[in-house]
Each structure stands twice: as C-alpha cells, then as structure tokens.
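Subject: Handing over the structure, with notes

Dear colleague,

Please find the structure below for your own work. My notes on it follow, with the cut-offs given where each term comes up.

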Amino acid sequence: MTHILYLAGGSGRRFGGNKLLHPLAGKPLYRHGLDTLAALTRTRTDCTLTVVSRYHAILAGARALGLRAVPSPDSEKGQSYTIRAGLDALILRPDDHVAFVVADQPYLTAATMARLLDAARPGVVCARVCYGGRPGNPTLFAAACVPALYALTGDQGGRALLDRPDCVHVPADDPREAWDVDTRAQLDRLRPT
C-alpha cells in the first residue's frame, strides 16, 4: 500500500500569507492538486490519501471531499513538522510506501502521479518525479525510510534522502507540472490571460 500525504501546512512567508487559499482559475490553489489526487485514488485500491494542514479551511475542504484530514498545528515551524504529523497518522507495514505531494503544484497530472504510485514496488527505496531530467516533487519513500524522515528538522524535506544512485526517476508528462507557487508574482503568471 502507498499512503499519499498531501502537505498543505506551509506558512507562505515569501507569498505574504496563506497562498494555498488564494484563487487560481476559480478555486483555491490547494484544490487543484487535491482534486487530481482525490479522483485518482478513487480509481485505485493500492493507495490512501491524507491531507495534512494547520489551516481549518483546508482540513474542512478535505473532509467535505470525504478525505482523511490530519491537523498539523506546528507546521509554521517548518516542513519537517508537517511531515511528522502526517507520518504520525499512518499505520505502516514494512512493505508500504509513503508519497509526499506538496499543495502548491496546481498542474500535477493524474498520469504522472499514477506512474509514481506504480514505482512503489518491493525493493524500491525511493522515487521522485523529474521534469526534463531535473528532480522535483512529488516524492516516494519505502517504509524503511520513515525513521530518517522523522529525524528531519526545521524546514527540511526528504531531499537529502533522495540523493541515492538507486532512486527511481519518474518522468512528468508536462514541464508545467513542476510549476509551484512561492510568490504572488508566480501565482499571477499561472493565471489564465
């Protein structure tokens, strides 16, 4: 089983507020990726989806979609706190995997995410989506990596754990999938003209 953790707890310091609730093409930024994942996981029996956030509106939005929502009140201290809150909510078996998807990539496709889920095979320690050969998010880790993920601190993500020669690289369908939103100017560039 692969447990997808949708990380939606960041502070948006460079954005100047909660970017995940800002509208993009008629809905909050976080809903683009979440809607894609929710539709995908309804068609598969090999994965679960959990939303991790410190924002009531996002947790309520996830629950309204029938999804599991996990509060992460310490997310403002950094990404490692959001990761731990999500991991705390899981019951992992030794052959399970955990996928991390960030909530500020609105153009992630179901096809790319399905390929990442398909990479969760016995013997695969980690995998990540790549855009034109450049590594990025989402990422995937075997259950054996969970102690190292718990050891992350501050605003660290699992990037250091992915720098291994046996990391599986999963190609994205479209370079736009790599686009994420850190600033208001980036969000404005994503808006339809």
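The notes below cover conventions, packing, cysteines, aromatic rings and backbone geometry.

This is a predicted model, in which local features need pLDDT of at least 70 and side-chain atom pairs count only at pLDDT 80 or more, while totals for chains, interfaces and linings use all residues. Residues are numbered from 1 along each chain as its sequence is written, and side-chain values use heavy atoms, with hydrogens and water left out.

On packing, helices (H or I, at least four residues) and strands (E, at least two) are DSSP runs numbered from the N terminus, and buried means under 20% relative accessible area, exposed over 50%, and partly exposed in between, with a 1.4 Å probe and protein chains only. A nonpolar core is a set of buried Ala, Val, Leu, Ile, Met, Phe, Trp, Tyr and Cys residues joined through side-chain atoms within 4.5 Å. The largest such core has 35 residues, of which I4, Y6, L34, L49 and M113 touch the most other members. Two or more residues each are given to this core by β1, α1 (29-42), β4, α2 (56-64), β6, α4 (110-118) and β7 (126-131), and the largest share, six residues, comes from α1. Taking contact as heavy atoms within 4.5 Å, and not counting residues up to four places away in sequence, Y6 touches a set that includes Y30, L34, L49 and V101. A second, separate core of 17 residues includes A85, F100, C126 and V146.

Helix α3 (residues 79-88) is mostly covered, since seven of its 10 residues are buried; these are S80, T82, I83, R84, A85, G86 and L87. Among the elements that cover them are β1 (2-7), β4 (47-53), β5 (68-71), β6 (97-102) and α5 (146-150).

As for the cysteines, a disulfide is taken as a pair of cysteine sulfur atoms within 2.5 Å, and a search of the whole structure finds zero of them. C130 has as its nearest cysteine sulfur that of C167, 7.2 Å away, whereas the sulfur of C167 is 3.6 Å from its closest cysteine sulfur, in C126, which is too far for a bond. C130 is buried, at 6% relative accessible area, and C167 counts as buried at 9%.

Rings of Phe, Tyr and Trp (its six-membered ring) pair if their centres lie within 6.5 Å, with planes under 30 degrees apart counting as stacked, over 60 as edge-to-face and the rest as tilted; the structure holds two aromatic pairs. The ring centres of F100 and F141 are 5.8 Å apart with planes at 65°, so this pair is edge-to-face, and because F100 lies in strand β6 and F141 in strand β8, the pair ties together parts that are 41 residues apart in sequence. Y107 and W179 form an edge-to-face pair, 6.1 Å centre to centre with 75° between the planes. The charged end of R176 sits over the ring of Y107, 3.9 Å from its centre, where the criterion is NZ of Lys or CZ of Arg within 6 Å of the ring centre and within 35 degrees of the ring normal.

The peptide bond from N137 to P138 is cis, with omega near 0°, and P138 is placed in strand β8 (residues 134-142). A25, although not a glycine, has a positive phi of about 50°, and A25 is found in the loop between β2 (23-24) and β3 (27-28).

Best regards
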